[in-house]
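Visitor: I am new to this and would like to learn how to read a model like the one below. Could you take me through it step by step?

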2 protein chains.
Amino acid sequence: MTLSRRGLLGLAGAGVVVGTGAGIGIDHFAIAPATASGTSGAAAVYPFYGEHQSGITTAAQDRLHFASFDVDGSDRSELISLLKDWTAAAAQMTAGKTVGTGAVGGPLDAPADDTGEALDLPPSGLTITFGFGPSLFDGRFGLAGKRPTELIDLPHFAGDALEAALSGGDLCIQACSDDPQVAVHAIRNLSRIAFGRASIRWSQLGFGRTSSTTRDQVTPRNLFGFKDGTANVKAEDTTQVDEHVWVPRGDSASWMTGGSYLVARKIRMLIEPWDRTSLREQERVIGRNKGEGAPLSGGKEFTEPDFHAKALGSTLIDRDAHVRLAHPDQNKGALLLRRGYNFVDGNDDLGRLNAGLFFIAFQRDPASQFVRVQQSLAGHDALNEYIRHVGSGIFAVPPGAKPGSYVGAELFA
Amino acid sequence: MTLSRRGLLGLAGAGVVVGTGAGIGIDHFAIAPATASGTSGAAAVYPFYGEHQSGITTAAQDRLHFASFDVDGSDRSELISLLKDWTAAAAQMTAGKTVGTGAVGGPLDAPADDTGEALDLPPSGLTITFGFGPSLFDGRFGLAGKRPTELIDLPHFAGDALEAALSGGDLCIQACSDDPQVAVHAIRNLSRIAFGRASIRWSQLGFGRTSSTTRDQVTPRNLFGFKDGTANVKAEDTTQVDEHVWVPRGDSASWMTGGSYLVARKIRMLIEPWDRTSLREQERVIGRNKGEGAPLSGGKEFTEPDFHAKALGSTLIDRDAHVRLAHPDQNKGALLLRRGYNFVDGNDDLGRLNAGLFFIAFQRDPASQFVRVQQSLAGHDALNEYIRHVGSGIFAVPPGAKPGSYVGAELFA
């Protein structure tokens with residue numbers, strides 16, 4: 001008796017929309033609207049195999065479970081077998097099926113292949129995206145010569161308060177879905193498959209929106225109450241996506257062609273000090289008004305900010321406003337494809353919410369994209385008084401796996 | 001300029017369905033289906049004022065943010081003013097509005113009344129439910145003589161591994177919504193209103209399902225992969241609800257008439273040992289099969305378990321199976337109204353998922369309901385090998401506030 005994990009409601013919802021845009025953490029975040037008309041989010045199915053991995057330009061789902069892993073031991077063939085097993089399981093789960101022989105389809109006297117909590121649930125737009133951290137190329141697996149020059153060690157930024165337990169990792173998995181239980185099921189089963197070969201170093205759950213994603217959806221808000229993602233480019237702008245997101249042929253590592261680089265930052269927001277700040281100060285810090293998200297230089301939400309506009313001798317958008325320092329014009333045109341999620345991890349010992357933004361950005365070249373923008377922000381952003389970067393990771397996200405092959409196969413060729 | 005938090009989509013979705021049922025933690029959990037036909041979850045609005053508080057028999061929403069508070073100081077009038085402020089804010093937020101003058105409606109040079117992250121979001125079925133812990137009656141507030149005898153201190157149960165930092169509290173707030181951002185916004189703003197008067201002691205986020213709640217929705221699964229809630233009574237059974245949930249006139253504390261008692265237990269599931277257990281053993285432990293949720297005595301999911309049925313001299317449902325020990329027949333008919341949520345709080349230092357069930361149950365008399373069932377389970381349940389109770393709370397949930405009054409007013413009369 002083999003049950004499919006959940007009834008497949010048809011291959012649908014493959015509308016692919018992307019957001020790219022400048023900004024770290026707060027401004028310019030795209031919840032890219034999409035799904036083919038007539039398709040509910042629950043029924044959406046995104047292909048696992050393809051030229052690129054899903055979960056990058058895929059319309060941002062509502063929920064995130066992200067995990068960073070350390071590989072046990074130093075056996076190259078075991079690492080390859082893990083990636084093959086992960087590929088097979090990810091292809092099944094993203095198609096709305098159970099792992100292996102399923103939760104109840106195997107022998108009664110053995111642990112089942114699938115843990116079962118996503119049985120009966122619709123596919124819910126699950127995507128699973130794999131990445132390789134710098135430490136994977138440290139020589140343990142014979143990969144030292146394969147490290148792309150673009151996969152830099154991130155520099156120390158002013159104000160960084162990084163915790164080792166929330167940073168780094170040999171491998172990462174980003175699971176996104178419109179149902180948290182489906183995303184959690186994916187990370188749990190992949191972690192279980194890795195048992196004895198790799199273990200979770202850190203992980204993060206996040207939420208965005210539960211509203212259905214449509215083109216007329218309003219721009220989502222972060223936990224500072226401001227709209228986040230106004231200035232993002234839409235997925236239809238494939239020229240920008242090709243230029244700023246996908247690794248082209250001819251970059252340093254040929255095995256990364258069609259891949260991208262993922263930077264993750266866990267940004268804790270200091271909720272209570274922010275909440276005690278006046279509305280005027282909050283708007284000055286961001287450089288937009290809170291209600292509509294219009295730049296303080298005037299206009300409406302989607303009006304381009306005018307950084308030169310003045311009143312009474314001062315620029316309407318402050319010199320250290322977040323929207324100014326994050327803007328491509330201030331960063332040699334640097335653009336990122338962002339996919340961040342809000343998080344609340346309970347509260348600390350003083351009763352303060354442990355909350356913030358789990359920032360994820362994809363790009364072709366972190367040094368000239370994330371690092372450039374973050375150096376601009378880290379030094380001067382007025383927002384720094386209210387945020388702390390506590391976790392950090394960078395990962396090379398290889399191209400999509402070919403049917404019959406596995407994710408990252410080109411790296412080991 | 002006063003913005004309403006989000007456009008009110010009409011008073012709708014007030015279909016009230018309840019689940020009551022025996023069982024602690026794992027079996028018998030009701031996701032009570034409902035909402036008036038033609039209403040989406042996002043548009044659902046539940047009234048704050050009324051005979052009973054909402055969030056008890058209300059059809060279980062998909063998301064939870066629960067917080068326990070300790071009151072600062074010992075000023076009775078400050079406690080009353082806090083409850084009045086909380087009542088006003090809760091009434092606004094559950095109606096889909098901002099707190100006070102809103103996120104952008106007040107003076108520019110003062111902190112805004114509302115933090116803003118739920119602006120633009122639909123009401124999303126938000127309910128806010130308040131409760132009073134035993135410690136509120138310790139004499140600080142002149143309430144020592146008002147403590148209901150039903151509001152017992154929970155006894156120590158065999159196997160309890162409770163942590164003080166996850167247990168107890170003077171006050172509690174349960175916020176449920178179909179959008180996590182709406183639930184988080186509610187707890188954050190209520191916590192902000194309490195600043196200087198009460199502070200969060202512990203808190204918990206949870207998730208259930210993102211599927212729309214309809215009568216033909218399949219029974220949800222917990223993180224052990226089993227269906228949870230099969231045996232629950234439906235809300236239409238008002239006789240059972242009146243008998244087992246609402247405090248009737250004539251019980252020990254007249255101010256609690258129309259209220260209920262909430263027991264919360266944070267139950268960590270030992271995911272990895274469970275996942276290494278054979279399917280046969282998992283089904284023996286639960287007493288149901290995993291695929292369909294049918295009792296091991298035969299039949300289908302909704303067949304009543306036959307605890308006497310035997311094969312080869314042994315009962316088909318084990319003596320220590322969870323379904324047996326949790327069943328009303330084994331507990332003098334004890335029934336509970338359950339509203340639990342799955343949780344994943346990241347991972348521990350060893351890379352194991354910190355996951356489980358945040359159990360919430362409402363009842364008229366904890367001693368003869370929760371305590372009776374939990375004593376049955378704590379001693380013998382085969383499931384105990386795979387779970388740990390790490391947090392615990394009990395709260396008197398007063399009746400609903402009358403318009404113009406505040407929640408708990410009868411206590412201070």
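Visitor: Are B:F359 and B:F370 buried or exposed?

Guide: In this predicted model, both B:F359 and B:F370 are buried. Buried means under 20% relative accessible area, exposed over 50%, and partly exposed in between (1.4 Å probe, protein chains only).

Visitor: What should I know about the numbering and the cut-offs?

Guide: Residues are numbered from 1 along each chain as its sequence is written, while chains are lettered from A and ligands numbered from 1 in the order in which they are written. As the model is predicted, local features need pLDDT of at least 70 and side-chain atom pairs count only at pLDDT 80 or more, while totals for chains, interfaces and linings use all residues; side-chain values use heavy atoms, with hydrogens and water left out.

Visitor: How is a pair of aromatic rings described?

Guide: By the distance of the centres and the angle of the planes. Rings of Phe, Tyr and Trp (its six-membered ring) pair if their centres lie within 6.5 Å; planes under 30 degrees apart count as stacked, over 60 as edge-to-face and the rest as tilted. Over all chains, the whole structure has 30 aromatic pairs. One of them joins A:F66 and A:F395, tilted, at 6.4 Å centre to centre with 55° between the planes.

Visitor: Where do A:F66 and A:F395 lie?

Guide: A:F66 is in strand β2 (residues 63–71) of chain A and A:F395 in strand β13 (residues 387–397) of chain A, so their pair ties together parts that are 329 residues apart in sequence. Strands (E, at least two residues) and helices (H or I, at least four) are DSSP runs, numbered from the N terminus. A:F66 and A:F395 are both buried. B:F359 and B:F370 also form a tilted pair, 5.8 Å centre to centre and 45° between the planes.

Visitor: Which residues do ring pairs link into a cluster?

Guide: That cluster is made of A:F48, A:Y49, A:F69, A:W86 and A:F130.

Visitor: How many salt bridges cross the interface of chain B and chain A?

Guide: A salt bridge is a side-chain nitrogen of Lys or Arg within 4 Å of a carboxyl oxygen of Asp or Glu. Between chain B and chain A there are 8, including one that joins A:D120 and B:R221 (2.8 Å, N to O). The contact (heavy atoms within 4.5 Å) takes 60 residues from chain B and 59 residues from chain A.
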